[in-house]
Amino acid sequence: MTRTSPHPEHHRISPVFLGLVALMGISGWAVWSGWAEVTGIAVFFFVVSGWIVSLCLHEYAHARTALRAGDISVGAKGYLTLNPLKYTHALLSIVLPVIFVIMGGIGLPGGAVYIEHGRIHGRWKHSLISASGPLTNALFAALLTAPFWLDAMGDVPVAFRCALAFLALLQVTAAILNFLPVPGLDGYGVIEPWLSPALRRQAEPLAPFGLLLVFGILWIPSVNGVFWDVIDAILRVMDVSDLETYWGQEYFRFWQGEPQNVFIPGS
């Protein structure tokens with residue numbers, strides 16, 4: 001059987017994604033320059049657009065890895081266009097994750113690509129497809145924090161510095177949560193090919209509720225405390241302080257009023 005490649009149109013970047021990148025750039029410039037009358041509004045649009053861009057990149061990584069592994073159906077499904085509306089239902093894929101960001105500053109995973117696993121042979125390929133999404137979040141976090149760990153934050157405005165830190169925090173939380181070995185999340189997808197058929201059958205009914213299960217467990221104070229300690233420790237390795245992420249979230253919640261007396265040591 002001759003293997004065909006996706007049509008060139010299937011690779012064309014969606015105008016929706018380009019619009020999100022443009023919004024991220026414009027709002028980022030507004031935060032940097034202080035152009036917006038209320039800085040928090042610009043921070044809000046910068047973080048939300050950046051977060052949706054990261055969702056698109058996360059799902060694109062799954063699709064691109066699946067394509068290379070043998071599932072050419074991802075092209076016709078629109079997964080290679082980076083259009084967020086192609087990654088399942090817009091409410092579950094975009095709206096709910098943004099609500100989670102607003103409610104708790106947590107980058108919960110959202111969206112999904114449907115892979116035709118029968119086209120892919122080899123357990124390592126299946127594991128890599130699942131791992132590619134959260135690894136993309138980890139890479140995005142490294143890029144966002146590069147000015148911090150490269151000691152290039154000297155002349156960066158405080159509001160932009162904090163917005164960048166908060167967006168990086170969302171990427172770290174998304175990577176950590178996605179890698180949890182819970183049915184329905186990418187971490188389980190990494191180990192699933194190596195489990196016995198009996199274990200897979202037992203775990204399958206839990207998949208639709210995996211995200212809700214994680215969200216519920218995070219409401220337990222002791223678990224929540226450990227989770228944020230781990231996130232803060234990772235960000236400290238990247239030279240991002242908890243003060244920077246805190247003020248970033250305060251700017252983000254512009255409806256609570258503009259933060260006053262913001263001070264970051266070294267800024």
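This is a predicted model: local features need pLDDT of at least 70, side-chain atom pairs count only at pLDDT 80 or more; totals for chains, interfaces and linings use all residues.
**Entry 1: α2 against α5.** I started with helix α2, residues 39-69, and its pairing with α5. Their axes come within 8 Å and cross at roughly 155°. An angle over 145 degrees counts as roughly antiparallel, so I noted α2 and α5 as roughly antiparallel to each other. The crossing in which α2 passes α5 is right-handed. I then listed who makes the contact: α2 brings Gly50, Ser54, Leu57, His58, Ala61, His62, Thr65, Ala66 and Ala69. From α5 I found, among them, Lys125, Leu128, Ile129, Pro134 and Phe140. Sorting the contact residues gave eight nonpolar, 10 polar and one charged.

**Entry 2: the core.** Next I looked up the largest nonpolar core, which has 70 residues. Phe46, Val47, Trp51, Val74, Leu167, Leu170 and Phe252 have the most contacts inside it. Helices supplying at least two residues each include α1 (15-33), α4 (90-104), α6 (158-178) and α11 (242-252). The largest share comes from α2, with 15 residues.

**Entry 3: His126.** Back on α5, residues 123-149, I picked out His126. Is His126 buried or exposed? Its relative accessible area is 15%, and buried means under 20%, so His126 is buried. Not counting residues up to four places away in sequence, His126 touches His117, Ile120, Gly189 and Pro193.

Definitions and conventions: Residues are numbered from 1 along each chain as its sequence is written. Side-chain values use heavy atoms; hydrogens and water are left out. Helices (H or I, at least four residues) and strands (E, at least two) are DSSP runs, numbered from the N terminus. Buried means under 20% relative accessible area, exposed over 50%, partly exposed in between (1.4 Å probe, protein chains only). Contact means heavy atoms within 4.5 Å. Axes are lines fitted to C-alpha atoms, for helices over the stretch in contact, and angles run from 0 to 180 degrees between N-to-C directions. Angles under 35 degrees count as roughly parallel, over 145 as roughly antiparallel, 65 to 115 as roughly perpendicular and the rest as oblique. A crossing is left-handed if the near helix is turned anticlockwise from the far one by less than a right angle, and right-handed if clockwise. Ala, Val, Leu, Ile, Met, Phe, Trp, Tyr, Cys and Pro count as nonpolar, Asp, Glu, Lys and Arg as charged, and the others, Gly among them, as polar. A nonpolar core is a set of buried Ala, Val, Leu, Ile, Met, Phe, Trp, Tyr and Cys residues joined through side-chain atoms within 4.5 Å.
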